[in-house]
Amino acid sequence: MNEAYGELGEAAWAWVLGQVRGDEGPWLPEVVSGDGSPAGPGADRDSVYAGIGGLAPVLAEISQCRALTGAEQALAAGIVARLGAVVPGRAEPSLYDGLDEDGFIVPHTLPYSTRDVEPVTYNWCHGPAGTSQLFAALALAGVDKIDGMPVTWLRQRCLDAILASGVPTRLRPGFWDNDGRCCGTAGVGDVLLDAAQDCGDPARAARLLQEACTMADALAGRAIRDQAGARWRFTEHRQDPPLLPPGTSWMQGAAGIAAFLLRLARVLRTGLTAPVVDRPDQWWAVPARLRTVHTGSQIPPGQA
């Protein structure tokens, strides 16, 4: 299946690349409306989360699979030039502008809210997928135990919670409506890949890799494909109609999904020792020997 995952990742990237615009440097509309409504640069046009900065890690991932095209090299240079010009004026320091039972989970909202949201979610931004990275970071910092519990075990419990949850099946409206990196399928898949490549138990590593493939299979089944490439429409069950316009970005759109699919294809092709592109939100979760800082295509080390 690695060829199919890689091909779908390339199709997703082709669609994203087709949305890039240029006005005082490259920018990316966060979503692409089907009604032809004009879009302009958002307030966070340069961010990693939803802006042009999020294409840098995608380009870094692509360069692990093949040589960048001339257009991709030009985009990389444009991203560096744009971000280099605006950084001196930025003051925002942020990265992006468990209880009971099978695993380790934390309620979505504390105290419990009356909003119409799932009480527990399992994704990167609000669930055990992201929480597992906390325990990986603590392990790297030399912390062995939290309240008597080994941090390595707590990381495993986070992943166990995901595996027991039913993700990525949409069990009911609101349970699993997103396929992106931040709140959905691609983010869970990438965390499972991190854990598989960092796992010393071959049997568990194989299971984590298989579950990452389960996430990719769901993405393949939900993809919208045409001559422009591939994209995804997430759902919001509280609105009518529930389908949202396709997103382009790293955390909430096809760019981040493409990176996950391309990485999975590489791992399946070359094994669990495949290099892992350094990113600001996961570099500590994989063995140092596998980490690679992208240095080509005019993206300096530390900016990929």
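The side chains of N178 and Q252 are joined by a polar contact of 3.0 Å (N or O atoms within 3.5 Å, one able to donate a hydrogen and the other to accept it; residues adjacent in sequence count only if both atoms are side-chain atoms). The model is predicted, so local features need pLDDT of at least 70 and side-chain atom pairs pLDDT 80 or more, while totals for chains, interfaces and linings use all residues. Residues are numbered from 1 along each chain as its sequence is written, and side-chain values use heavy atoms, without hydrogens and water.

N178 lies in the loop between helix 5 (151-163) and helix 6 (185-197), helices being DSSP runs of H or I with at least four residues, numbered from the N terminus. The side chain of N178 also reaches the backbone nitrogen of G180 at 2.6 Å. N178 is buried, with a relative accessible area of 13% (buried means under 20%, with a 1.4 Å probe and protein chains only).

The count of aromatic pairs is 3; rings of Phe, Tyr and Trp (its six-membered ring) pair if their centres lie within 6.5 Å, and planes under 30 degrees apart count as stacked, over 60 as edge-to-face and the rest as tilted. Y122 and F175 form a tilted pair, at 6.2 Å centre to centre and 55 degrees between the planes. Y122 is in the loop between helix 3 and helix 4 (128-140) and F175 in the loop between helix 5 and helix 6, so this pair ties together parts 53 residues apart in sequence. F175 and W176 form another tilted pair, at 6.3 Å and 45 degrees. Y122, F175 and W176 make up one aromatic cluster.

Notes:
Helices (H or I, at least four residues) and strands (E, at least two) are DSSP runs, numbered from the N terminus. Buried means under 20% relative accessible area, exposed over 50%, partly exposed in between (1.4 Å probe, protein chains only).
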